[in-house]
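Good morning, colleagues. Please look at the sequence and the model together while I describe a few parts of the fold.

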Amino acid sequence: MHKHLRLTIHICAVTAAVVFIGWAIVAMLLPLFGLHLWQQEWQRQGETSLRYASIPLPFTNKADLDNSLPFMAAAVLDINKDGVDEVFLGGGKHQTDGLFQFSNGRFQNIINGIIPAKNDGDATMGAAVIDINGDNAPDLFIARESGIWLYESNGKGHFQVRFLGPMPDPDTVPLSIALGDVNRDGWVDFYASGYIRNDLVKGTTIFNKPYGGYSALYINNGDNSWRDGTKEAGLDRQHNTFSAVFTDLDNDLDSDLVIAQDTGHVEMYANNGSGQFTPVNNPSIFSYPMGIAAGDYDNDGLIDLYFSNVGHTMPAPLVRGDLRKDQAFNPDYMLFHNDGELHFTDTARSTNTARYGFGWGVVFADMNLDGQEDILIAQNYARFPGFLAITYPGKLLQQYANGKFRPVEKRSHAKNNHYGITPLISDFNDDGWPDLVWANLAGPARAYLGKSGNAHWLKVRLPNTASSINAIIQLTLDDGRTLTKQRIHGQGLGSDQSRDLIFGLGEAPGIKQVRIRFQDGRDYRINNLAPDRTLHIGEGQ
């Protein structure tokens with residue numbers, strides 16, 4: 001009798017404990033569930049025919065989050081000039097970088113003997129790729145904690161290293177590099193986005209006080225040496241900055257500048273054609289713009305801009321920092337529709353591109369080749385310094401015929417649960433379909449090959465030189481549609497995308513005309529092209 005009573009009491013106690021733990025877990029998860037709903041992180045996935053196949057990419061970034069800023073470089077470049085890109089991924093302080101070639105259904109690390117090893121204790125933050133000397137081989141700019149490095153190809157698949165120097169301000173670390181030709185002299189210039197050194201970080205929510213690193217514009221002297229031209233160009237400023245891109249915003253054949261500054265506004269500058277910049281008004285208010293995507297999402301011939309933000313990951317009072325009550329704050333992602341004549345309207349809310357989690361690198365790409373740009377978003381949250389919390393999967397936002405976007409990363413099997421810094425887009429198996437690499441900080445990279453039905457495509461390959469920067473490529477299809485892209489370096493965050501511009505043609509039977517306008521005045525027109533091919537323009541010039 002007593003044994004049965006003790007057993008019954010024991011069972012009741014265990015049951016009560018299980019129930020208590022269960023309700024405690026529910027109590028903890030309910031706020032998280034509510035927060036996800038508030039962010040629309042669990043919004044319904046859209047319909048899609050896209051399907052991705054995961055492929056091995058053996059690289060795990062080892063960021064030292066206690067002693068480094070939480071960033072990493074990522075870029076694609078064609079090392080062996082076979083028309084297919086390799087992948088460069090930056091390593092942490094005590095980790096070598098990686099260079100990966102796609103072969104036999106997987107990526108293999110081929111960096112040894114090709115790219116000289118970096119100094120131990122120097123983290124790799126950003127990268128950009130271009131041919132600086134016209135030998136038809138890619139050269140690699142790398143932003144590291146120590147400063148800016150240039151890896152020059154010898155034309156035979158090997159690189160020599162040159163240290164270009166630290167940032168002009170000794171307290172600044174370069175995070176990313178935007179390539180341009182700001183004075184249209186045919187030489188590569190670049191803008192290095194700067195952030196205050198990790199050991200000097202005082203906080204990440206400072207809006208009103210003078211604080212942060214100094215970015216810099218480097219002007220080519222005409223011999224692939226560079227001088228600091230920041231002040232003379234009208235760009236001298238102190239503010240922590242994540243990334244920037246040069247793009248022609250008004251189709252006047254020069255490189256305008258767009259900057260994503262932390263704890264501030266989006267900054268936009270119009271180029272007068274000679275490298276002098278004038279501020280351009282835009283719809284941004286106080287926010288955390290980080291990654292930048294640049295593309296023509298509505299096919300009106302003008303480049304639009306998309307910016308990641310903190311989203312609604314945390315309650316607004318926690319991220320408003322030192323903002324006063326009268327200072328408006330926006331946690332939403334921003335989609336700036338280019339209305340023409342350097343006027344912009346934020347259409348993020350109306351296109352369902354506003355409310356997502358803590359975002360980093362963003363990229364425009366037509367992933368399903370229907371002739372409309374889609375959006376890739378690297379997400380997840382980091383708190384400076386040293387604490388990393390993995391929370392939100394990356395997003396693939398597919399655009400539909402009504403101009404709205406919906407996430408399809410789960411249905412297409414391209415979800416990334418790791419700490420995404422940026423997406424990389426290229427065609428690694430040379431089938432015309434855009435493939436995807438998620439560059440992940442403090443975790444493994446993820447790679448996917450993409451495919452979707454029988455849509456047609458055209459791949460445009462321009463010379464990978466300064467002469468092609470911000471060149472405008474416009475396709476007129478047989479069905480009357482017009483598609484526009486520019487050669488823009490630096491989309492994402494600390495990254496550089498493929499030199500190959502992939503146009504999705506959908507079911508269009510052919511291409512009536514391809515027009516390419518370069519900043520030096522050249523104007524190419526090619527008529528009556530069949531689809532599903534690579535078009536080489538001025539290769540080797």
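First, the basis. This is a predicted model, in which local features need pLDDT of at least 70 and side-chain atom pairs count only at pLDDT 80 or more, while totals for chains, interfaces and linings use all residues. Residues are numbered from 1 along each chain as its sequence is written, and side-chain values use heavy atoms, with hydrogens and water left out.

Let me begin with the sheet. Helices (H or I, at least four residues) and strands (E, at least two) are DSSP runs, numbered from the N terminus. An open sheet of 5 strands has the order 5-4-3-2-34, and its pairing is mixed. At its edges are strand 5 (106-109) and strand 34 (495-496), each of which pairs on one side only. Two strands pair if DSSP finds at least two bridges between them. Strand 2 and strand 3 are joined in the antiparallel sense over 4 bridges. Within strand 3, V87 is the bridge partner of V76.

What is in contact with V87, leaving aside its neighbours within four places in sequence? The residues are A75, V76, G98, L99, F100, F107, L424, F428 and V437, where contact means heavy atoms within 4.5 Å. V87 is also among the residues with the most contacts inside the largest nonpolar core, together with L57, L89 and F107; this core has 46 residues. Such a core is a set of buried Ala, Val, Leu, Ile, Met, Phe, Trp, Tyr and Cys residues joined through side-chain atoms within 4.5 Å. Buried means under 20% relative accessible area, exposed over 50%, and partly exposed in between, with a 1.4 Å probe and protein chains only. The elements that give two or more residues to the core include strand 3 (86-89), strand 10 (172-180) and strand 28 (420-426). A second, separate core of 19 residues includes L458, L462, L475 and I511.

Next, the aromatic rings. The structure holds 25 aromatic pairs. Rings of Phe, Tyr and Trp (its six-membered ring) pair if their centres lie within 6.5 Å; planes under 30 degrees apart count as stacked, over 60 as edge-to-face and the rest as tilted. Why is the pair of F59 and F100 edge-to-face? Because the planes of F59 and F100 stand at 75°, with the ring centres 5.8 Å apart, the pair is edge-to-face. F59 is in the loop between strand 1 (51-55) and strand 2, and F100 is in strand 4, 41 residues apart, so the pair links distant parts of the chain. F59 is buried, with a relative accessible area of 7%, and F100 is buried at 0%.

A further edge-to-face pair is made by F207 and Y288, at 5.3 Å centre to centre and 80° between the planes. F207 belongs to the loop between strand 11 and strand 12 (216-220), and Y288 to the loop between strand 17 (277-280) and strand 18 (292-295), so this pair ties together parts 81 residues apart in sequence. Both F207 and Y288 are buried. Elsewhere, ring pairs link F71, Y195, F242, F358, W360 and Y419 into a cluster.

D427 lies in the loop between strand 28 and strand 29. Is D427 buried or exposed? D427 is buried, with a relative accessible area of 5%. Its side chain makes a polar contact with the side chain of K459 at 2.8 Å, and a polar atom of that D427 side chain lies 3.2 Å from the backbone nitrogen of D431. A polar contact is a pair of N or O atoms within 3.5 Å; within protein, one must be able to donate a hydrogen and the other to accept it, and residues adjacent in sequence count only if both atoms are side-chain atoms.

Q379 is placed in strand 23 (residues 374-379) and counts as buried, at 1% relative accessibility. A polar atom of the Q379 side chain lies 2.8 Å from the backbone oxygen of P393.

N330 is found in the loop between helix 2 (316-319) and strand 20 (334-340), and N330 is buried at 14%. The side chain of N330 reaches the backbone nitrogen of D332 at 3.0 Å. The C-alpha atoms of N330 and F286 are separated by 6.1 Å, although these residues are 44 residues apart along the chain.

Thank you for your attention.
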